[in-house]
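Dear colleague,

I am passing on to you the structure that we talked about, and I would be glad if you looked through it slowly with this message beside it.

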Amino acid sequence: MFKRVLIANRGEIALRIIRALREMNIESVLIYSKADAKSIPVMAATKSICIGEAHAKDSYLDQDKIIDVALKCGCDGIHPGYGFLSENADFAKKCQENGITFIGPSPELIDMMGDKQTARDLMKKSNVPIVPGSDGLVETYEKAKSVAKEIGYPVLIKATAGGGGKGMRECFSEEELKNAYETAKSEAMNSFGNGEVYIEKLILNPKHIEIQIIADKYGNVVHLGERNCSIQRNHQKLVEESPDFTLTEEKRQIMGDTAIRAAKAAGYDSVGTIEFVVDSQQNFYFIEMNTRIQVEHPVTEMLTDVDLIKEQILVADGHKLSLKQEDINLNGYAMELRINAKGCGKVTCLHFPGGLGVRIESALFEGCEISPYYDSLLAKLIIHGKSRLEVIRRARRALEELIVEGVPTNVQEMYMLTYEPEFVLGSYNTSFWNKSEKTIKERTEKWTCSIS
């Protein structure tokens, strides 16, 4: 078993990993930037070392500094969390070259599955359904025009690297194509250093469903059910829930089996997700694989009582999976609501909700500074209950108790969301936020005025 693991991350995910390591009797070494010097993870880790300035490129993305700290501290593993270097094949390779275990898949797997076009090609060969699209990269506008005409509008132009909605543009006509194509390529180059794109048929108003998997180094793979991640703003997830209210048991089984087949085809050996879009007829199509722990992993943990971080660490250390598919049971319903900052400043008052079925993942504390240098995620509110309606009612109660003052947040928007009819009925898809955002904002403003 690992003796000492370096955590190459910050915030709530760093704290989450520290807690898992502590329970496994493994020492934790946390690297941090000057902006995070007074953070809770810094205080919670066995050892914490400042690695540089606030900008991520000078700290959390400085691969050589991180490796150097790991070697000097005698770390035999590095956990990258999510974001930052979690899906960086070069960093995973550097870990490997220095005799440090990267707690995630191999560099070759990250490379293969991180390139969306390569992943599509592999899935196609493995009889995993994929969205119709270009046969390989689309390197010129003329080729883009030809592909779009062949598969029919609307189309989706997607960067082959990265994620988070960067380098992605919807296009509904040939008149829009040139600008969409050039903008997607430019944004992809600026965000990922790789401007290559491909084109898919745009599935209008689908659901975004991901299947959680765990795989070991011996070919064993299990899935832990699905998460519906369809409530998104600009392709950034806001709410995730499981199980999906509208999937039939037959379709759930087929999608789970398909996710396992996809993971085995790739030779996958860590925690990850197989991502699908699902149309109104419940036809599903592979879109990508995420080769890291997900932000929303607690949703699955609440349903299955499986600690995904611990499992990820165990399989990275060479242990065989202790779980078989028949061991996985989904108990009730769970939902995660992301609490995001809408500005910077100092948290002057903080109160987290509690009670049965309420879990908070956060590194916030009263008096902490919210920095402009990092992701806006402040906390994850995870709710569990016997039924979906109980979860929604419990979420409302928890949001009513949640107080974050001194920094503007989306707490009120999340609260109003839980009263939207489409959301309550579970009949929403990825178009939900675009259709409902104005109404939610208006209700939020009206509610804010009524209580001020």
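What follows is a description of some features found in it, taken one topic at a time.

Please keep in mind that this is a predicted model, in which local features need pLDDT of at least 70 and side-chain atom pairs count only at pLDDT 80 or more, while totals for chains, interfaces and linings use all residues. Residues are numbered from 1 along each chain as its sequence is written, and side-chain values use heavy atoms, with hydrogens and water left out.

Let me begin with the sheets. Strands of a sheet pair through backbone hydrogen bonds, either parallel or antiparallel. Helices (H or I, at least four residues) and strands (E, at least two) are DSSP runs numbered from the N terminus, and two strands are said to pair if DSSP finds at least two bridges between them.

Strand S2 (residues 27-33) runs parallel to S3 and is joined to S3 by five bridges; Val29 stands opposite Lys47 in S3.

Another open sheet is formed by three strands in the order S7-S6-S8, with antiparallel pairing. Its edge strands are strand S7 (168-171) and strand S8 (197-201), each of which pairs on one side only, and the twist averages 20° from one strand to the next. Four bridges join strand S6 (residues 155-159) to S7, and Leu156 has Glu170 as its bridge partner in S7. Two helices lie across S6 and S8: helix H6 (residues 116-125) runs at about 50° to S8, and helix H7 (residues 141-151) runs at about 15° to S8.

The backbone also has some points to look at. Most residues other than glycine have a negative phi, and most peptide bonds are trans. A cis peptide bond, with omega about 0°, joins Tyr153 and Pro154, and Pro154 is placed in the loop between H7 and S6. The bond from Ser242 to Pro243 is also cis, with omega near -10°, and Pro243 is found in the loop between strand S11 (236-242) and helix H9 (249-266). Asn25, a residue other than glycine, has a positive phi near 60°, and its place is in the loop between H1 and S2.

Finally, there are the salt bridges. A salt bridge is counted when a side-chain nitrogen of Lys or Arg is within 4 Å of a carboxyl oxygen of Asp or Glu, and by this rule the count comes to 41. One of them joins Lys380 and Glu12, whose closest N and O atoms are 3.1 Å apart. Lys380 lies in strand S19 (residues 377-385) and Glu12 in helix H1 (residues 11-23), so this pair ties together parts that are 368 residues apart in sequence.

Key
Axes are lines fitted to C-alpha atoms, for helices over the stretch in contact, and angles run from 0 to 180 degrees between N-to-C directions. Contact means heavy atoms within 4.5 Å.
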